[in-house]
Amino acid sequence: MGYHESVHQSAVGKKWSYTHSFHYDLTPSEKLLKYTNYILTFCIILFGISLGVLSFYIEEESQSYILFIGNNNLTGLKLLIGAGAVLVLLGALGLLTAIRLNRKLMLFYIALTFIIIIVQGAGVGIAVQQIDTLKDFVKVTMYNMTKNYADYNFEKNSTVPLDYMQKTIKCCGVERGPGDWNSTAGLATEWLKLHTVDTPDSCCRTEKFAVRCGFGQAKDIPVSDQIVYQKGCLGEFYGWIDNKVSNVTIIAIANFVCQLSSAAFLFLLRQSMSVITF
């Protein structure tokens, strides 16, 4: 390895100007570190883009639960989009650093990478707590809306959210399925008092849907006579959110490995270089 200096001489008027340029010859091991870092930083950029796209996708899918989650609880998705943008910029910086072979820029990239890793770790800890809080919040909200359910001829404060959820998610009740409607009978609204063994029509399977198709479905009946969804909506929500958390976790772990490896390889490359290049 080493630097080669070349001098270019040119005449301008009666004066001579000299231009010095330097070329650094990389050893095979240094070339391996450099080109491996190209791949790692490109992966970081892809992970950043993937995180942003996944966040938009989750936000779109969450519309089925929006009335239970609340808009304020979707703030974390905005932060994920921001984190994705930061990763794209970090990957681009790492790529530029490997191309320029500037030791000062390498040091800045390494330090910035570790700062971002620490922030990401703190963010993961906060996210875990927020997810548990969100699950409890949705559970309480679902039960409250079920107990205050009203038919279309009565008050509509809870009717539309529950009906929309049960239709789109293909579920019924909260945790026990159709039996949840039996247990809430007579607790609050006129509809619940009048329909002690009924479920809302929105519980009915799509192919079985008809006016009053949920009548008599909240009691124990033979499987052959069941025309409503048997799964509770809370379990479906938990499954949905756990699936999204798993997707984000996979991206986060893979990105963490790439970030750490990229910083380590650039550190080794920097240590191998003895002269600052510009």
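Here are some friendly notes on this predicted model, point by point.

1. **Ground rules.** Residues are numbered from 1 along each chain as its sequence is written, and side-chain values use heavy atoms, with hydrogens and water left out. As this is a predicted model, local features need pLDDT of at least 70 and side-chain atom pairs count only at pLDDT 80 or more, while totals for chains, interfaces and linings use all residues.

2. **Overall make-up.** The protein chain has eight helices and two strands. These are DSSP runs numbered from the N terminus, with helices being H or I of at least four residues and strands being E of at least two. Along the sequence, the pattern reads β-β-α-α-α-α-α-α-α-α.

3. **Burial and surface.** Of the 278 residues in the protein chain, 39% are buried. Buried here means under 20% relative accessible area, exposed means over 50%, and partly exposed lies in between (1.4 Å probe, protein chains only). The chain exposes about 15,600 Å², with carbon and sulfur atoms supplying 63% of that area. Accessible areas come from the Shrake-Rupley method with a 1.4 Å probe, and for residues only the protein chains shown count as cover.

4. **Contacts along the chain.** Take the contacts (heavy atoms within 4.5 Å) with a separation of 6 or more: residues 24 or more positions apart account for 65% of them.

5. S262 is found in helix 8 and counts as buried, because its relative accessibility is 0%. Leaving aside neighbours within four places in sequence, S262 is in contact with N37, L40, T41, I44 and Y109. S262 and G91 are also worth a look on screen: they are 171 residues apart in sequence and 9.4 Å apart in space, C-alpha to C-alpha.

6. **Aromatic pairs.** Rings of Phe, Tyr and Trp (its six-membered ring) pair if their centres lie within 6.5 Å; planes under 30 degrees apart count as stacked, over 60 as edge-to-face and the rest as tilted. The count by this rule is three aromatic pairs. One of them joins Y35 and Y38, edge-to-face at 5.3 Å centre to centre with 75° between the planes. Both tyrosines sit in helix 1 (residues 28–61), and because they are three residues apart, about one helical turn separates them. Y35 is partly exposed at 45% relative accessible area, and Y38 is partly exposed at 21%.

7. **An aromatic cluster and a lysine.** F237, Y238 and W240 form one aromatic cluster. K135 lies over the face of Y238, at 5.2 Å from the ring centre. For a charge to sit over a ring, NZ of Lys or CZ of Arg must be within 6 Å of the ring centre and within 35 degrees of the ring normal.

8. **K135 again, in a salt bridge.** The structure holds three salt bridges, each a side-chain nitrogen of Lys or Arg within 4 Å of a carboxyl oxygen of Asp or Glu. In one of them, the side chains of D242 and K135 meet at 2.9 Å, N to O. D242 is partly exposed at 35% relative accessibility, whereas K135 is buried at 16%.

9. **The other two bridges.** E175 forms a salt bridge with K139, the closest N and O atoms being 3.9 Å apart. Here too the pair links distant parts of the chain: E175 is in the loop between helix 5 (159–169) and helix 6 (179–183), K139 is in helix 4, and they are 36 residues apart. E175 is partly exposed at 44%, as is K139 at 31%. R176 and D180 also meet through their side chains in a salt bridge (3.6 Å, N to O). R176 counts as exposed at 53% relative accessibility, while D180 is buried at 3%.

10. **A nonpolar patch.** F114, I253, F256, V257 and L260 make a nonpolar surface patch of about 430 Å². Patches are made of residues with over 30% relative accessible area and no salt bridge, where like charges are joined within 9 Å and nonpolar side chains (Val, Leu, Ile, Met, Phe, Trp, Tyr) within 5 Å. Helix 8 (residues 233–272) gives the largest share of the patch, four residues. V257 has its place in helix 8 and counts as partly exposed at 45% relative accessibility.
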